Amino acid sequence: MSHRHKELESPRKRIDEIDEQILDLLSERGDIVRDVIKRKVENQLPVFVPAREEEKTEAFKKLARTKGIDPDWAEDFLRMIMTASRATQSQETFPIATDKPKHILLIGGEGGMGKLYKRMADQTGHITYSIDKSNWYELEEWAPKLDMVIVTVPINVTESVIERLSGRLKKETILADFTSNKSNPIDAMLKAHEGPVVGLHPMHGPDVQNLSKQLMVFCDARDRNKASWFKDQCELWGMRVIEADPEKHDHVMHLVQGLRHFVALLHGSFMEEYDLKPADMLDYSSPIYRAELMMTGRIFAQDAELYADIVFANKERRDLLIKFFDHHKKLATLVEENDREGFIKEFEGVTDFFGKFATQALEESGYLINRLADRFA
């Protein structure tokens with residue numbers, strides 16, 4: 001062994017020892033967190049408290065600064081640890097929001113979202129039931145004891161499934177749906193059921209390990225106070241809950257979902273037309289374009305029928321897409337006429353419209369790009 005390698009041997013050994021100590025401390029921390037969570041569950045307290053996490057993060061950053069450690073890096077490190085704690089909790093029990101377990105039926109319980117919320121409710125101590133295509137006959141037996149029915153089926157069959165429930169639930173049962181558009185399903189539920197009705201939209205996919213920090217949208221339809229326990233339960237699962245007007249929700253979702261997914265199809269379809277292979281494009285991509293390509297590509301790793309249902313959910317959404325195409329033609333004219341000044345004017349108009357959000361977007365996307373580059377570049 002050379003003299004230089006011998007000089008490095010001792011520091012490397014010490015680094016390995018420190019790394020092991022770090023892992024030992026993380027393991028010990030995990031044991032303590034699990035004990036704290038157990039006590040919270042026993043006392044029906046929220047397992048995840050966003051305000052506490054923010055306080056902890058700020059204190060950790062200040063401490064890191066006193067030790068000469070980059071506070072932003074320290075925040076990333078701590079948040080990764082807290083994320084791991086939440087992942088561990090997904091295998092455990094959750095605090096219950098009610099004195100007694102509720103009886104909850106999920107229609108579409110074998111689908112991704114149905115399975116996720118059935119598991120969460122089961123781990124909380126509620127009593128759950130599942131209906132899918134093959135066991136509708138069980139509804140008659142279960143109906144008298146049901147406190148809540150959640151319809152979580154594809155958009156294109158949601159209203160027909162709701163109609164199938166007409167007159168088959170007791171008046172006290174809460175009827176809800178998980179559809180990403182709210183106005184039409186709510187109207188269908190109000191017609192099919194004379195009891196409490198709420199429109200729900202969980203703003204996440206079925207692949208999350210738990211519901212911490214996920215968003216649940218509540219749309220009141222009838223007797224929302226009867227469903228307050230479910231709102232409380234969502235918060236005990238660590239979710240963020242917001243109240244929304246159904247029409248306003250749908251107006252925003254036309255853009256968030258319908259337009260966004262169609263633009264992804266436009267992007268991917270154009271790449272296919274011109275044989276622009278993703279792997280080849282990555283070789284010549286900046287980190288920001290890599291991030292954009294990943295956001296587009298992840299859509300095509302999922303089900304085509306799901307996205308077709310989202311894009312073609314209703315006439316309002318399709319009308320918006322037609323308006324989008326008309327606007328696209330307007331901007332295409334700038335290219336056809338080589339109108340550089342017109343492009344700049346349009347660009348600056350959008351800059352004024354975005355206002356301070358553009359600065360926020362620059363900061364947040366910069367963070368995303370740097371983390372992506374650290375891990376995958």
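Reader: Before anything else, what does buried mean here, and what does exposed mean?
Author: Buried means under 20% relative accessible area, exposed means over 50%, and partly exposed is in between, with a 1.4 Å probe and protein chains only. This is a predicted model, where local features need pLDDT of at least 70, side-chain atom pairs count only at pLDDT 80 or more, and totals for chains, interfaces and linings use all residues. Residues are numbered from 1 along each chain as its sequence is written, and side-chain values use heavy atoms, leaving out hydrogens and water.

Reader: How much of the chain counts as buried?
Author: 36% of its 377 residues.

Reader: And what does the C-alpha trace span?
Author: About 85 × 70 × 40 Å along the principal axes.

Reader: Where is Leu-169 found?
Author: Leu-169 sits in the loop between helix H6 (155-164) and strand S4 (174-177); helices (H or I, at least four residues) and strands (E, at least two) are DSSP runs, numbered from the N terminus.

Reader: Why does Leu-169 count as buried?
Author: Because its relative accessibility is 13%.

Reader: What is Leu-169 in contact with?
Author: Contact means heavy atoms within 4.5 Å. Apart from neighbours within four places in sequence, Leu-169 is in contact with Leu-139, Leu-146, Val-149, Leu-175 and His-193.

Reader: How far apart are Leu-169 and Thr-351?
Author: They are 182 residues apart in sequence and 52 Å apart in space, C-alpha to C-alpha.

Reader: Back to the whole chain: how many helices and strands?
Author: The chain has 15 helices and seven strands. Helix H1 covers residues 3-42 and includes Glu-20.
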